[in-house]
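Here's a quick tour for anyone meeting this structure for the first time. Have a look at it below, and then we'll walk through a few of its contacts.

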Amino acid sequence: MMPLSAPTDTVSLSIPALAPYMKLLSRFVETCGEASGLARPDCMSLELAAEEIFMYMTHTTCPGNTLNIECRNGIYYSELIFRCSAANMNLRGLNIVPVSAPSLDDECDLTEIGLLMAARSVDRLQITMEKHNQIMLCLTKEKTYIRIVEEPPAPETVGSITVETPDPERIKHFSLLVGSRFPEQDRPSFFHYPGKLVDMVAGGKYHCLIAMDARKNIQGGILFFPRTEKIVECFGPYVFVPAAGVGEALLDACIGKIARGKALGLLNSCGLPRGLENNFEALGNQTFYPTDGPALLVPSFYRHLHEDPGAEVWSHACLESYLTEHYRRLYLMRQIRLIRDMRETRSGFSLFTAEIGREQSRASLSPLLPGADCAQNLARHIRFIAQERIRNIFFTLDLGIPWHAELMPFLLGQGFRPQMIMPFAGRSDLLVFQYHDDAQS
């Protein structure tokens, strides 16, 4: 069975959220970043993000509370994790968007900048509520790799096709073939960084298979990883030759690797070769808005690996018919329960988490805490992300969490539309919305 996470080296530090400990934190992050192999500029960016978070916690969020900090070496990235008790914390400022200004360029109270500076310094910033009333902030800074855009010669096909686990040199060649032959909406951006893909596979979470002919010419390949304990996600199969059976051989080998584990299904969100689409259920389409040119539809697919055990999901009445129709089409057994507004009091401030990928101009939002200001907070996030020139904005709800369903009418009212259901990708299924601005169309 595949490991659920990459093997990592982890170093820990516990300090109080008090200003005199800033130097200790900075030295800790600098040392760990250098030991992880980050280049000096990347190490400084991670250090800046850590200082921004520490200052905010020291002055606003949890002054004096104990912070448990971990630095992990993930081979192709360095990860910094802050954990502390959420009791009596001011969680409003953990939103990535300042309350008093929609852009960092506008004037606003410095105590409300929150995680904006930190998010701009790293590749990903994720906030998670954990057990025992703990909150986790995770900063990820990826190593700098050489971006290579070149087109290797078209592969020949000689003799029979076999599927193998590639060595690093063949992973790099596979990466170059994908990056040069498939448009950006059909593959992740890391295929332009062959050295990065090698390190991703070496880390143990990502797995790669390639198809080769009798002379070891690469005919195609597939990359896959466990998204959750119940779902494996794949990129590809990518096929580089007209020879029949290459995609089927790669898909069969991939399923053979994962079918003996706990995974209930296989997810593909970058499209499939046309001949393989009949082996999957169509989940729906995302719209890819490139920097230039017209919008493009990117289909997503799902394949059952084991019998569906059924589940309970929650919905607002405005999307009950949508869920009913799609679950019937996907042959998924779901008990749809409707939330009911009985005029109960809603108080406090909502908290959203955001992951922003600037290279593909993509932002993914999800709710972390409910609050009376959900509609206003959502509008602030949309304005900010649009001003950051991010063109592809998504919002994900976990249908296994009842209060997430309360956000459905707000999302519809702000220009989001449901795009697809991702089975078992969260506590239950995930419902993915996409923001559609008429000006983009």
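Let's start with a single side chain: glutamate 30 is partly exposed, because its relative accessible area is 22%, and buried would mean under 20%. Keep in mind as you read that this is a predicted model.

So what does glutamate 30 pair up with? Its partner is arginine 40, and the two form a salt bridge whose closest N and O atoms are 3.4 Å apart. Glutamate 30 belongs to helix 1 (residues 22–35) and arginine 40 to helix 2 (residues 40–61), so this pair ties together parts that are 10 residues apart in sequence. Arginine 40 is partly exposed too, with 41% relative accessibility.

How many salt bridges does the structure hold? There are 16. Another one joins the side chains of glutamate 312 and arginine 337. Here glutamate 312 sits in strand 13 (residues 311–315) and arginine 337 in strand 14 (residues 334–338), so the bridge ties together parts that are 25 residues apart in sequence. Glutamate 312 is partly exposed at 38% relative accessibility, and arginine 337 is partly exposed at 36%.

Then there's the pair of aspartate 373 and arginine 380, whose side chains also meet in a salt bridge. Are these two buried or exposed? Aspartate 373 is buried, with a relative accessible area of 10%, and arginine 380 counts as buried at 11%.

| Salt bridge | N to O distance |
|---|---|
| Glutamate 30 – arginine 40 | 3.4 Å |
| Glutamate 312 – arginine 337 | 2.4 Å |
| Aspartate 373 – arginine 380 | 3.8 Å |

Salt bridges can also join up into a network, and one here links Glu70, Arg72, Glu79, Arg83 and Glu130.

Now for a pair of helices. The axes of helix 4 (residues 168–181) and helix 5 (residues 194–202) come within 8 Å and cross at roughly 130°. That angle makes helix 4 oblique to helix 5, because only angles over 145 degrees would count as roughly antiparallel. The crossing of these two helices is right-handed.

Which residues meet where helix 4 and helix 5 touch? From helix 4 come Pro168, Ile171, Lys172, Phe174, Ser175 and Leu176, and from helix 5 come Pro194, Leu197, Val198 and Val201. Sorted by class, the contact has eight nonpolar residues, one polar and one charged.

Methods
Residues numbered from 1 in each chain as written. Predicted model: local features only at pLDDT ≥ 70, side-chain atom pairs only at ≥ 80, totals over all residues. Heavy atoms only, no water. Axes fitted to C-alpha atoms, helices over the stretch in contact; angles between N-to-C directions. Helix = DSSP H or I, 4+ residues; strand = E, 2+ residues; numbered from the N terminus. Parallel < 35°, antiparallel > 145°, perpendicular 65-115°, else oblique. Left-handed = near helix turned anticlockwise from the far one by under 90°. Contact = heavy atoms within 4.5 Å. Nonpolar A, V, L, I, M, F, W, Y, C, P; charged D, E, K, R; others polar. Salt bridge = Lys/Arg side-chain N within 4 Å of Asp/Glu carboxyl O. Buried < 20%, exposed > 50% of the residue type's maximum accessible area, 1.4 Å probe, protein only.
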